[in-house]
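Let me put the model up and walk you through a few spots.

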Amino acid sequence: MTDAHTTTAAADWHAWQESWDRQQEWYMPDREERFRVMLDMVEALVGTAPRVLDLACGTGSITARLLARFPDATSTGVDLDPALLAIAEGTFAGDGRVTLVTADLKDPGWAEALPHDSYDAVLTATALHWLHSEPLADLYGHVAGLVRDGGVFMNADHMIDETTPRINAAERAQRHARMDRARTGGALDWAEWWRLAANDPVLARPTARRFEIYGEHADGDTPSAAWHARVLREKGFGEARPVWCSPSDTLLLALK
């Protein structure tokens with residue numbers, strides 16, 4: 001079952017995946033490290049053949065790494081972005097281990113579109129900061145209902161500790177200086193990547209729909225890792241804590 005919008009023209013989906021990865025790495029040079037630790041913890045807690053929900057999957061970055069490491073895994077990718085889903089659809093076409101679903105995570109009934117009622121692991125990265133704290137807490141309640149007992153949820157994202165403003169300011173200044181240096185070396189930023197997509201004959205239409213849905217960028221919240229852990233426990237997880245962090249980002253794991 002594939003609910004994402006399909007495209008008929010030819011496209012180099014591998015090239016688009018690579019381009020997306022490079023654009024994301026401009027913001028997060030340690031992106032692959034967080035994916036590695038995420039999959040380490042999947043293996044440690046639910047094994048090497050998990051049923052995974054790739055939440056706000058985008059182009060399928062997590063799913064691609066999941067299947068490369070665990071060929072017996074299966075993945076359901078859910079997102080609303082028609083352009084990123086088009087890339088995911090092209091990338092995983094013909095792979096029976098992958099199902100793609102179009103759904104709005106802010107819709108209370110979004111999980112009804114999923115092919116399974118429960119998952120061994122729900123994984124997400126660099127996506128839920130688009131949500132404000134209240135709808136994010138509601139989403140965590142839905143996620144808790146989807147993770148089986150003994151299963152895991154992991155979220156790798158920008159999480160800010162407001163009790164350390166000087167540390168935060170120094171980290172942000174250094175990170176943006178590094179990004180500026182990479183930018184002068186030819187790295188694509190978010191806006192330029194989307195301009196390329198808008199001018200591509202295959203992605204132009206889904207990109208236009210994407211901006212009708214989201215606008216230029218959504219401004220959500222980036223609460224602390226402690227907030228995420230507390231809310232996940234309140235919503236039904238037994239344990240929750242960071243399992244990896246960089247100066248700016250955290251991979252938080254919750255165990256059902």
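So, start with two helices: Arg31, Glu32, Phe35, Arg36, Met38, Leu39, Asp40 and Glu43 in H2 meet Ser61, Ile62, Arg65, Leu66 and Arg69 in H3, where contact means heavy atoms within 4.5 Å. The residues of that contact divide into 5 nonpolar, 1 polar and 7 charged.

Quick housekeeping. This is a predicted model, so to speak of local features we need pLDDT of at least 70, side-chain atom pairs count only at pLDDT 80 or more, and totals for chains, interfaces and linings use all residues. Residues are numbered from 1 along each chain as its sequence is written, and side-chain values use heavy atoms, with hydrogens and water left out.

Back to our pair: H2 (residues 31-46) and H3 (residues 61-69) pack at about 55°, axes 11 Å apart.

Next, H4, residues 82-91: how many of its residues are buried? It's 8 of 10, so this helix is mostly covered, with buried meaning under 20% relative accessible area, using a 1.4 Å probe and protein chains only. Pro82 and Leu85 are among them. The cover includes helices H1, H7 and H8 plus strands E2 and E3. At the start of H4, a side-chain oxygen of aspartate 81 comes within 2.9 Å of the backbone nitrogen of alanine 83.

Last stop, alanine 137, in helix H5 (133-146). Why does alanine 137 count as buried? Because its relative accessibility is 14%. Leaving out residues up to four places away in sequence, alanine 137 touches Trp227, Val231 and Lys235.

Definitions and conventions: Helices (H or I, at least four residues) and strands (E, at least two) are DSSP runs, numbered from the N terminus. Buried means under 20% relative accessible area, exposed over 50%, partly exposed in between (1.4 Å probe, protein chains only). A polar contact is a pair of N or O atoms within 3.5 Å; within protein, one must be able to donate a hydrogen and the other to accept it, and residues adjacent in sequence count only if both atoms are side-chain atoms. Axes are lines fitted to C-alpha atoms, for helices over the stretch in contact, and angles run from 0 to 180 degrees between N-to-C directions. Ala, Val, Leu, Ile, Met, Phe, Trp, Tyr, Cys and Pro count as nonpolar, Asp, Glu, Lys and Arg as charged, and the others, Gly among them, as polar.
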